[in-house]
Amino acid sequence: YSASTEPSMRRSMSGSDSLRVSFSEKVVVVNSESGNNVVSGIYIGKVVIISTSSLVVSSSCQLEDVVLIAPYIKIQQGFKGSLQCIARDSITLENNCDLLYPSALVLFNMETVEGIRRINIGENDTIRGQIIGFSKGSDLRNHLEINVSESAYVYGEMYCSGWLDLQGTVIGSVVTSDLYYSRSGIFQNTMINGKIDIHSLSKNYLSSNWMKNGQPAILKNEDF
């Protein structure tokens with residue numbers, strides 16, 4: 001979705017929403033109004049959910065191939081589904097979440113204002129897809145952190161322009177500016193308990209365009 005894409009519909013978010021949009025149709029944009037930032041309905045297909053403040057994905061909602069855009073995004077404990085999150089300041093994935101392929105957690109921030117931007121991956125989380133963090137700052141007071149818990153699994157790709165605390169397992173590739181370990185202090189250029197295994201990633205895995213890997217192919221077929 002881009003600003004130049006002409007949506008077929010704009011609507012306000014409701015807890016009782018049940019929305020399916022084919023990728024052969026125009027995108028449907030769902031706006032989160034002030035005081036209603038919890039995503040709790042059913043959204044499937046070519047749907048973009050937008051908030052100017054924050055979005056909270058309820059563990060009870062049903063999301064499939066949906067795009068979420070907000071400064072802050074939190075995915076509640078126990079959620080299962082496929083989604084692409086695009087945030088400016090933070091993405092928090094609580095414990096026991098299962099993000100199905102092709103999911104993505106993307107944090108992009110080009111501001112020079114001091115602050116630490118974070119993507120936090122909780123215990124027993126599984127992400128099938130991409131985790132991407134890009135921030136302009138690189139010093140102690142203005143940088144990006146990606147923290148992956150010890151029992152978390154990522155099947156796909158990770159890119160971090162800042163500090164990566166990888167204690168979990170990545171089946172795929174990792175690109176980062178700095179590794180660090182943050183228990184009982186901060187240790188730079190250090191990875192403890194983390195595992196990276198690029199050889200076990202499925203040959204059927206498809207990357208996104210920005211990685212510029214290989215030729216275009218069909219990611220998945222619609223079943224509705």
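This is a predicted model: local features need pLDDT of at least 70, side-chain atom pairs count only at pLDDT 80 or more; totals for chains, interfaces and linings use all residues.
Student: How many helices and strands does the chain have?

Tutor: There are 17 strands and zero helices.

Student: What share of the contacts joins residues at least 24 apart?

Tutor: Take the contacts between residues at least 6 apart in sequence; 39% of them join residues at least 24 apart.

Student: How many aromatic pairs does the structure hold?

Tutor: Four. One of them joins Phe108 and Phe134.

Student: Why is the pair of Phe108 and Phe134 stacked?

Tutor: Planes under 30 degrees apart count as stacked. The planes of Phe108 and Phe134 stand at 15 degrees, with ring centres 5.6 Å apart, so this pair is stacked.

Student: Which strands does the pair link?

Tutor: Phe108 belongs to strand S10 (residues 98–109) and Phe134 to strand S12 (residues 126–135). The two residues are 26 apart, and the pair links distant parts of the chain.

Student: How is the accessibility of a residue read?

Tutor: Buried means under 20% relative accessible area and exposed means over 50%, with partly exposed in between. Phe108, at 48%, is therefore partly exposed. Phe134 has 29% and is partly exposed.

Student: Which arrangement do Tyr153 and Tyr155 form?

Tutor: Tyr153 and Tyr155 make a stacked aromatic pair, 6.1 Å from centre to centre, with 15 degrees between the planes. Tyr153 is partly exposed at 35% relative accessibility, and Tyr155 is partly exposed at 33%.

Definitions and conventions. Residues are numbered from 1 along each chain as its sequence is written. Side-chain values use heavy atoms; hydrogens and water are left out. Helices (H or I, at least four residues) and strands (E, at least two) are DSSP runs, numbered from the N terminus. Contact means heavy atoms within 4.5 Å. Rings of Phe, Tyr and Trp (its six-membered ring) pair if their centres lie within 6.5 Å; planes under 30 degrees apart count as stacked, over 60 as edge-to-face and the rest as tilted. Buried means under 20% relative accessible area, exposed over 50%, partly exposed in between (1.4 Å probe, protein chains only).
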